[in-house]
Amino acid sequence: MHLADHPARRRLSAALDNFSVTFHGLTAHPDEHNCDCHWGSSEELSLLKTPDIELEPDLLRRTWRATDWSDHAAVLRRILPQFARVLVAGQTEPLFGLEEAGYSFARGRWERWPDDHADPVREFLHAWWEQSLTDPDAAVPAHQVFAMCAEASGTLGPWLADWEKQTGHLSDRRLAEAAAEWEYELLGDSLPWRVCWYEHDEEEMRAELVAWLLGHAAVRIRESDAPADLQHRIRLLGLTGGERWTDPHWPGHRY
């Protein structure tokens, strides 16, 4: 199958196009303001109050990272068509991890928006997540997209459910890659990304991810012929305390 005909890529393209239609003409609140010293100039701020003008990459980055907008939801809707395309292209350049972009979505409380605005955001996140699992040319690693979606929504359930439906070879490989990225932090009883939004429960997320890795994921990792040491490190997540540290397959991590 030619990549242009890839169903997940078509779905994602449609979701991005829908953003351009849904959020066309929207702007930041007319009274929105921010610090000239820390965010940017009044001229740059005026661009957020002007619809459909593409922002320079640095201005877009400062805008979605800023935590002190008085109406973050309006600012997010203003930049979403451009922001989403930058995300998918892997051009966001977060300071720490892509969960920072999810934090921007969470601050905008997009799930509380009217359905005609919230539904396109939900579809975009699911479409991008599916594409990261099934498209060999996906620009952003699946484990980063997963963290972004988790932080944007405050939950793992929908994204884990999507992963369970995607059982092809590439999706299994993405699973092994994610597990390899996550095992160090998880074996130290930490979540492998930063939870920024105060309403999100980091410990609950970690426990859910560990349970999923020990159950559904462990079978797939084993059947995909992942390295034996990775399989042992996932198994060790089911042990606690001294049983974990003294297991002959403990990788010697230091925290």
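Visitor: Where does Ser-190 lie?

Guide: This is a predicted model. Helix α9 spans residues 169–187. After α9 comes Asp-189, with a positive phi near 60 degrees. Ser-190 sits in the loop between α9 and α10.

Visitor: Is Ser-190 buried, exposed or partly exposed?

Guide: Buried means under 20% relative accessible area, and exposed means over 50%. Ser-190 has 34%, so the residue counts as partly exposed.

Visitor: Which residues does Ser-190 touch?

Guide: Set aside residues up to four places away in sequence. Ala-142 is 48 residues from Ser-190 in sequence, and their C-alpha atoms are 19 Å apart. The residues that Ser-190 touches are Glu-185 and Arg-206.

Visitor: Where does α9 bend?

Guide: α9 has 19 residues. Its first and last C-alpha atoms are 26 Å apart, close to the expected 27 Å. Still, there is a bend of about 35 degrees, and its place is Glu-181.

Visitor: Which helices do the buried residues of α9 pack against?

Guide: The buried residues include Leu-170, Leu-175, Trp-182 and Leu-186. The packing partners of the buried set are α6, α7, α8, α10, α11 and α12.

Visitor: What is the radius of gyration of the protein?

Guide: The protein has twelve helices and zero strands. Its C-alpha atoms fill a box of roughly 60 × 45 × 30 Å along the principal axes. A compact globule of 255 residues would have a radius near 18 Å; the protein agrees, with 20 Å.

Note on methods: Residues numbered from 1 in each chain as written. Predicted model: local features only at pLDDT ≥ 70, side-chain atom pairs only at ≥ 80, totals over all residues. Heavy atoms only, no water. Helix = DSSP H or I, 4+ residues; strand = E, 2+ residues; numbered from the N terminus. Expected span 1.5 Å × (residues − 1). Bend = angle between axes of the 7 residues up to and from the residue. Buried < 20%, exposed > 50% of the residue type's maximum accessible area, 1.4 Å probe, protein only. Contact = heavy atoms within 4.5 Å. Rg over C-alpha atoms; globule rule 2.2 N^0.38 Å.
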